[in-house]
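Open the model in your viewer and get ready to select residues. We will go stop by stop.

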Amino acid sequence: MRRVSPCTSTLDAQNVKITVSKEELDDYICITDIANVKSDSVRAADVVRNWLRNRGTLEYLSVWEQIYNPEFKVFESEHFKRQVGLLTFTPSATEWINQTNAIDYM
């Protein structure tokens, strides 16, 4: 897992504080903060898991990682995509990061 610790700030979107991380010229928003709006913080991980069950989300993340992360494991990301639609497929963000070497902006 490759973890990056960029500068952070927050923005306020409809009274919701969302963490924004900046690394060089790029800004990244915290999806966990957005998930907290949909549910309480205890269930935010479940909201993210549901997003990760969506093929469109996995396609987007895969393309983004291939553009910005030379260490991304494309073959491993295909493993996730093949499981979309299975009732037993409940990936976590940690699993995605660890298995694909995705960038972890925390």
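Partly exposed means a relative accessible area between the buried limit, under 20%, and the exposed limit, over 50%. Keep in mind that this is a predicted model.

Select Arg-55 first. Its relative accessibility is 38%, so Arg-55 counts as partly exposed.

Is Ile-67 buried or exposed? Ile-67 is exposed, at 59% relative accessible area. Show Val-63 and Tyr-68 too; with Ile-67 they make a nonpolar surface patch of about 300 Å².

Next, move to the loop between helix H3 and helix H4, and select Asn-69. Its relative accessibility is 2%, so Asn-69 counts as buried. A polar atom of the Asn-69 side chain lies 2.9 Å from the backbone nitrogen of Glu-71.

Go on to helix H5, residues 93–100. Trp-96, Ile-97 and Thr-100 are buried there. Why are they on the same side of H5? Because they cover an arc of only 95° around the axis. After H5 comes Asn-101, with a positive phi near 60°.

Last stop: Asp-12 and Lys-17. Their side chains meet in a salt bridge, 4.0 Å from N to O. Asp-12 is partly exposed at 45%, and Lys-17 is exposed at 57%.

Notes:
Residues are numbered from 1 along each chain as its sequence is written. This is a predicted model: local features need pLDDT of at least 70, side-chain atom pairs count only at pLDDT 80 or more; totals for chains, interfaces and linings use all residues. Side-chain values use heavy atoms; hydrogens and water are left out. Buried means under 20% relative accessible area, exposed over 50%, partly exposed in between (1.4 Å probe, protein chains only). Helices (H or I, at least four residues) and strands (E, at least two) are DSSP runs, numbered from the N terminus. The arc is that of the directions from the helix axis to the C-beta atoms. A polar contact is a pair of N or O atoms within 3.5 Å; within protein, one must be able to donate a hydrogen and the other to accept it, and residues adjacent in sequence count only if both atoms are side-chain atoms. Patches are made of residues with over 30% relative accessible area and no salt bridge: like charges are joined within 9 Å, nonpolar side chains (Val, Leu, Ile, Met, Phe, Trp, Tyr) within 5 Å. Accessible areas come from the Shrake-Rupley method with a 1.4 Å probe; for residues, only the protein chains shown count as cover.
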